[in-house]
Amino acid sequence: MNRTRLMTTMAVFVAIGVIGSQLLWFPAGVAKAYPVQHAVNVMAAVTLGPGPAVVIAFMIGLLRNMLGLGTLLAFPGGMIGAFLAGTLYKKTGQKGMAALGEAVGTGILGALASAPIANLLMGSSAGALFFLPSFLVSSVSGACIGWLVVAKMNQRHLSLEN
């Protein structure tokens, strides 16, 4: 994929993540679940790889924070999930492993990484397991959506490689 096409595709994923997060969300425990971010992570990981997926997750988090639509907790969860999704897909070639990587990366590792960030930067004294249920609900639902989308892309022979 040439550089212009890669950058354009990444920009489209960022736009989908930022806009979609405001269109599709639901309450999940102490937080709101934004499954579009997780679906975008899976789609980007499968179509572009782990590096671009992490950049996309960072940009979505950054834009959402700049627009007042997100919290600082979007960074560790989104970026760890995107990296693990892309890495597992790259190693196995299985779209389901990308979805699993997103769910584990964001839902578990991202939740654990969020506790010190919330403590240091947001003044929250929440423990490490406090964020786990909300992050898991959000990441698992979004990873399933992303998995369904990339499976449909494969069935319809849609590819970004052309």
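The crossing of H3 and H4 is right-handed, a term used when the near helix is turned clockwise from the far one by less than a right angle. Before I go on, please keep in mind that this is a predicted model, in which local features need pLDDT of at least 70, side-chain atom pairs count only at pLDDT 80 or more, and totals for chains, interfaces and linings use all residues. Residues are numbered from 1 along each chain as its sequence is written, and side-chain values use heavy atoms, with hydrogens and water left out.

The axes of H3 and helix H4 (residues 74-92) come within 8 Å and cross at roughly 160°, where axes are lines fitted to C-alpha atoms over the stretch in contact and angles run from 0 to 180 degrees between N-to-C directions. H3 is therefore roughly antiparallel to H4, the word for angles over 145 degrees. On the H3 side the contact (heavy atoms within 4.5 Å) includes Pro50, Phe58 and Arg64, and on the H4 side Phe75, Met79 and Lys90 are among the residues they meet.

Turning to the other partner, helix H2 (residues 35-48) packs against H3 (residues 50-66) at an angle of about 155°, with the axes 8 Å apart, so that H2 is also roughly antiparallel to H3. Their contact is made by Gln37, Val40, Asn41, Ala44, Ala45 and Leu48 of H2, together with Pro52, Ala53, Ile56, Ala57 and Ile60 of H3. Here, too, the crossing is right-handed.

Terms used:
Helix = DSSP H or I, 4+ residues; strand = E, 2+ residues; numbered from the N terminus. Parallel < 35°, antiparallel > 145°, perpendicular 65-115°, else oblique.
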